[in-house]
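Hi everyone, thanks for making the time. I'd like to walk you through one model today, so please have a look at it while I talk.

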Amino acid sequence: MANDEDVPRAALREVRIDKRQVRVLAHPLRMRLVGALRVKGPATATTLAELLGTNTGATSYHLRQLAEVGLVVEDHDRGSGRQRWWRAAHDVTNWEPSDFDDDPDARAAIEWIQGDQVRLLVETAERWFARQHEWSPAWRDGFGMGDIFMTIPPDRLEELKAEVWQVLERYHREAEPAATDPEARPVQVFLAAYPLREGLQ
């Protein structure tokens, strides 16, 4: 019998979203639905409505829109009678902004999604600042942000992002056994790179 170390961890299911998918995804509730299904696992529209503070009609409608473009799928193994269960079709959504240069609507949609990611980062940081005193010293030292300045061409920046992402994926794969540690908590890690502000270059 193989032990846990001999069993390979499942690779992350990734999708490189297309123009149709990005136009559907660029909606506040749809983004939250996909995120909730990825974090919490399969759920019904009613459960998601309670979790996200909305109504079942809205969650049902937007889940169907996401399903039409393959971003969520029905979980038929869990469904019973009229109760429909849904799960995220992927673990990670990928794109390059230039994928949508020839489609103004898709370009506007991806710009909205990028802005929503920044809003989420700000909200997450502000929640942490408001409650960090409730956490242990180990967690207060572990959480937080840092930055580094460098001058780098775009191809090297892509290499850097890919290498850092590989590290994040490895930690993600190894997180399941570590989750049995009583000190383990769900953590969201952001990866960002932006141009240095003018005047500092």
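Let's begin with two helices: the axes of α2 and α4 come within 10 Å and cross at roughly 80°. The axes here are lines fitted to C-alpha atoms, for helices over the stretch in contact, and angles run from 0 to 180 degrees between N-to-C directions. That makes α2 and α4 roughly perpendicular to each other, a label that covers 65 to 115 degrees, with under 35 called roughly parallel, over 145 roughly antiparallel and the rest oblique.

A word on the ground rules. This is a predicted model, where local features need pLDDT of at least 70 and side-chain atom pairs count only at pLDDT 80 or more, while totals for chains, interfaces and linings use all residues. Residues are numbered from 1 along each chain as its sequence is written, and side-chain values use heavy atoms, with hydrogens and water left out. Helices (H or I, at least four residues) and strands (E, at least two) are DSSP runs, numbered from the N terminus.

Which residues meet between α2 and α4? From α2 come Leu29, Arg30, Leu33, Val34 and Leu37, and from α4 come Ala58, Thr59, Tyr61, His62, Leu63, Gln65 and Leu66. Contact means heavy atoms within 4.5 Å.

Now α2 by itself. Helix α2 covers residues 28-40, and its 13 residues should span 18 Å at 1.5 Å a residue, which agrees with the 18 Å between its end C-alpha atoms. The expected span is 1.5 Å times one less than the number of residues. Buried in α2 are Leu29, Arg30, Leu33, Val34, Ala36 and Leu37. As for cut-offs, buried is under 20% relative accessible area, exposed is over 50%, and partly exposed is in between (1.4 Å probe, protein chains only). Among the elements covering the buried residues of α2 are α1 (19-25), α3 (45-52) and β3 (72-74). After α2 comes Gly41, with a positive phi near 90°.

On to α4, where Ala58, Thr59, His62, Leu63 and Leu66 are buried. Looking down the axis of α4, these buried residues fall within an arc of 125°, so they line one face of the helix. They pack against α1, α2, α3, β3 and β4.

Next, the sheet. Three strands form an open sheet in the order β2-β4-β3, with antiparallel pairing. β2 and β3 stand at the edges with a single partner strand each, so one side of each has no neighbour in the sheet. α2 packs on this sheet, touching β2, β3 and β4, and its direction makes about 90° with that of β4. Strands pair if DSSP finds at least two bridges between them: β2 and β4 have two, and β3 and β4 have three. In β4, Trp86 is the bridge partner of Ala43, and Ala88 is that of Val72. The covered face of β4 holds Trp86 and Ala88, and the uncovered one Trp85 and Arg87.

One last stop: Ala26, in the loop between α1 and α2. Is Ala26 buried or partly exposed? At 23% relative accessibility, Ala26 counts as partly exposed. Beyond its neighbours within four places in sequence, Ala26 contacts Ala109, Trp112 and Ile113. Ala26 and Ala109 lie 83 residues apart in sequence, yet their C-alpha atoms are 5.4 Å apart in space.

Notes:
The arc is that of the directions from the helix axis to the C-beta atoms.
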